[in-house]
Amino acid sequence: MPDTPHRHPARRTVLAGALALAGTGALSAWSTTPATAAALRAYDEPYRPQVHFSPARNWMNDPNGLVHHNGKYHLFFQYNPAGATWGNMSWGHAVSTDLLHWEEQPVAIPQTDEEMVFSGSAVFDRDNTSGLGTAANPPLVAIYTSVIKATGRQHQSLAYSTDDGATWTRYAGNPVLDIGSDNFRDPKVFWHAPTARWVMVVALSTEHRISVYTSPDLKSWTHRSDFGPSAATGGVWECPDLFELPVAGDPGRRKWVLIVNLNPGGPAGGSAGQYFTGDFDGTRFTADPHDAPRWLDHGADAYAGVTYNDAPGGRRIMVAWMNNWLYGEKIPTSPWRSAMGFPRELGLRATPDGGATLVQQPVAELATLRRTPALRIAGRRVRAGATRLLRDAGQTYEIEAVLRPDGARRCGLEVRTGGGHRTRIGYDSGGELYVDRTASGDVGFAAEFPAVHRALLALTDGVLRLRLIVDRSSVEVYTGDGTVCLTDQIFPGPDATGLGTFAEEGGMRVERLTVWPLRSAW
């Protein structure tokens with residue numbers, strides 16, 4: 001399905017009113033009113049994520065326009081201002097100073113009678129190359145896919161802001177790139193310093209190709225090359241990203257990473273993201289040889305992952321939509337539907353064959369939400385069967401664990417247990433890490449939801465190192481080295497707050513385990 005389908009410590013707003021549609025000129029937005037006590041309680045609904053961003057109301061999908069500017073992380077996203085299923089695509093907006101506490105803003109770029117506003121990116125045009133600002137006040141520029149309602153044509157358009165992203169104006173010369181296609185979308189734009197020009201990667205979705213364009217001014221674009229088809233092509237290609245990273249373990253070496261999301265065709269079924277490593281000369285991306293698709297995440301609920309432009313300190317931070325088009329419009333949440341995955345910092349690590357592999361970890365800011373550890377264990381052997389560690393670990397917490405299979409065929413952790421519900425994060429002696437959500441709670445809203453999701457993983461020194469973020473309706477699993485991730489939504493009952501271990505056909509040794517309850521970011 002093509003592109004289909006906050007809080008500040010001192011202040012919150014709620015979105016109210018009706019969306020005034022605009023063509024060109026300044027964009028109208030939702031009015032804001034002071035938060036009421038009821039609104040402040042709204043982020044405590046069943047299944048409401050406490051450390052993941054979700055909008056106050058209505059449908060959300062792909063992250064868009066990720067850019068850091070003047071001390072704030074801007075998160076734009078595909079948004080339906082009028083309902084809790086896909087439609088009326090506009091750019092929602094939230095801001096944060098720390099990637100944890102988000103303040104939802106008025107709708108940034110609303111749909112009009114003529115067009116919907118699909119995915120894209122945003123840049124700070126520091127030198128005012130576009131002429132849409134001034135030398136003294138350069139603009140933020142959003143590059144997005146316009147979808148013409150009458151024809152279905154997809155082309156690339158601009159909107160700009162000269163007040164730090166508070167209000168946006170459509171460019172009068174839109175579209176800036178039109179090839180006459182109905183499947184040409186999701187531009188990611190960045191400044192390429194070696195060639196002193198803007199670069200766009202954009203998907204020719206049904207052709208499984210990523211096109212590279214360049215521009216001196218964000219308004220006139222020249223086609224330079226195409227990449228693909230390659231690796232996973234079981235669904236349409238969407239939401240590309242291209243960036244450079246240093247390779248840890250190989251001083252002085254740098255590689256480029258191309259992210260390509262696709263739907264369907266992921267390792268867990270439905271939506272997923274893959275990546276390629278390689279070289280980029282400003283016009284063409286050349287991928288390193290690789291035999292099989294390389295997945296950003298092996299769970300079911302990490303799609304449309306893209307990264308921030310201009311993150312401080314050169315950090316490469318990715319946010320993905322924590323949902324799946326197989327069942328995304330059916331998940332049992334209200335009055336909102338969908339959340340974003342926790343922001344991840346990306347890196348590259350050298351591999352023995354001379355290549356490089358992507359590594360991912362939750363951004364370090366997560367640690368500021370930790371409370372006093374609820375549990376610390378070291379050197380405890382557990383027998384076959386299920387062992388309770390905590391009757392009430394809460395609904396939102398972080399775990400770091402080092403587990404040693406001690407003859408067990410399968411072993412690991414059970415989270416959100418109670419009332420007949422459990423989610424297992426396990427390791428199989430056949431060499432697979434897995435998340436089993438078949439008994440995780442409400443699984444009956446879609447036939448595809450109850451499943452076991454797996455990733456190949458070789459143990460290092462015979463131990464399994466894990467880091468988990470458990471929230472009210474999700475679990476994110478990272479291996480200790482960051483090379484494998486699994487993200488899955490879960491919908492357990494309110495009494496499913498237990499935490500334990502399990503082992504089958506043998507025992508397991510808990511070398512180290514720490515559980516931190518997490519404060520709500522709301």
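Start by selecting Asp 297, which sits in the loop between strand 20 (285-287) and strand 21; strands here are DSSP runs of E with at least two residues, numbered from the N terminus. Before going further, note that this is a predicted model, where local features need pLDDT of at least 70, side-chain atom pairs count only at pLDDT 80 or more, and totals for chains, interfaces and linings use all residues. Residues are numbered from 1 along each chain as its sequence is written, and side-chain values use heavy atoms, with hydrogens and water left out.

**Stop 1: around Asp 297**

Is Asp 297 buried or exposed? Asp 297 is buried, because its relative accessible area is 2% (buried means under 20%, exposed over 50%, partly exposed in between, with a 1.4 Å probe and protein chains only). Now show the side chains of Arg 344 and Thr 487. The Asp 297 side chain makes a polar contact with that of Arg 344 at 2.9 Å, and another with that of Thr 487 at 2.7 Å. A polar contact is a pair of N or O atoms within 3.5 Å; within protein, one must be able to donate a hydrogen and the other to accept it, and residues adjacent in sequence count only if both atoms are side-chain atoms. Beyond four places in sequence, the residues in contact with Asp 297 include Pro 267, Gly 273, Ala 302 and Cys 485 (contact means heavy atoms within 4.5 Å).

**Stop 2: around Thr 145**

Next, select Thr 145 in strand 9 (residues 140-148). Thr 145 counts as buried because its relative accessibility is 0%. Its side chain makes a polar contact with the side chain of Gln 156 at 2.8 Å, and also reaches the backbone nitrogen of Asp 186 at 2.9 Å. Leaving aside neighbours within four places in sequence, Thr 145 also touches other residues, among them Met 116, Phe 118, His 155 and Phe 184.

**Stop 3: the nonpolar cores**

Select Phe 53, Leu 75, Phe 77, Trp 102 and Tyr 308: these have the most contacts inside the largest nonpolar core, which has 40 residues. Such a core is a set of buried Ala, Val, Leu, Ile, Met, Phe, Trp, Tyr and Cys residues joined through side-chain atoms within 4.5 Å. Strand 5 gives the most to this core, with four residues. A second, separate core of 34 residues includes Leu 375, Leu 464, Val 475 and Val 515.

**Stop 4: the largest pocket**

Pick Tyr 275, His 290, Arg 294, Thr 357 and Thr 483, the closest to the centre among the 31 residues lining the largest pocket. The volume of this pocket is about 810 Å³. On a 1 Å grid over the protein atoms alone, a pocket is an open set of points where a 1.4 Å probe fits, with protein on both sides within 12 Å along at least five of seven lines; lining residues have an atom within 4 Å of a point. Strand 26 (356-362) is one of the strands supplying at least two lining residues, and strand 26 gives the most, with four. The lining divides into 14 nonpolar, nine polar and eight charged residues.

**Stop 5: the second largest pocket**

Finish with Phe 190, Trp 191, Asn 309, Asp 310 and Arg 316, which lie nearest the centre of the second largest pocket, lined by 30 residues. Its volume is about 690 Å³. Which strand gives the most to the lining of the second largest pocket? Strand 17 does, with six residues. This lining divides into 15 nonpolar, four polar and 11 charged residues.

Terms used:
Grid points are joined across faces, edges and corners, and a volume is the space filled by probe spheres set on the points. Ala, Val, Leu, Ile, Met, Phe, Trp, Tyr, Cys and Pro count as nonpolar, Asp, Glu, Lys and Arg as charged, and the others, Gly among them, as polar.
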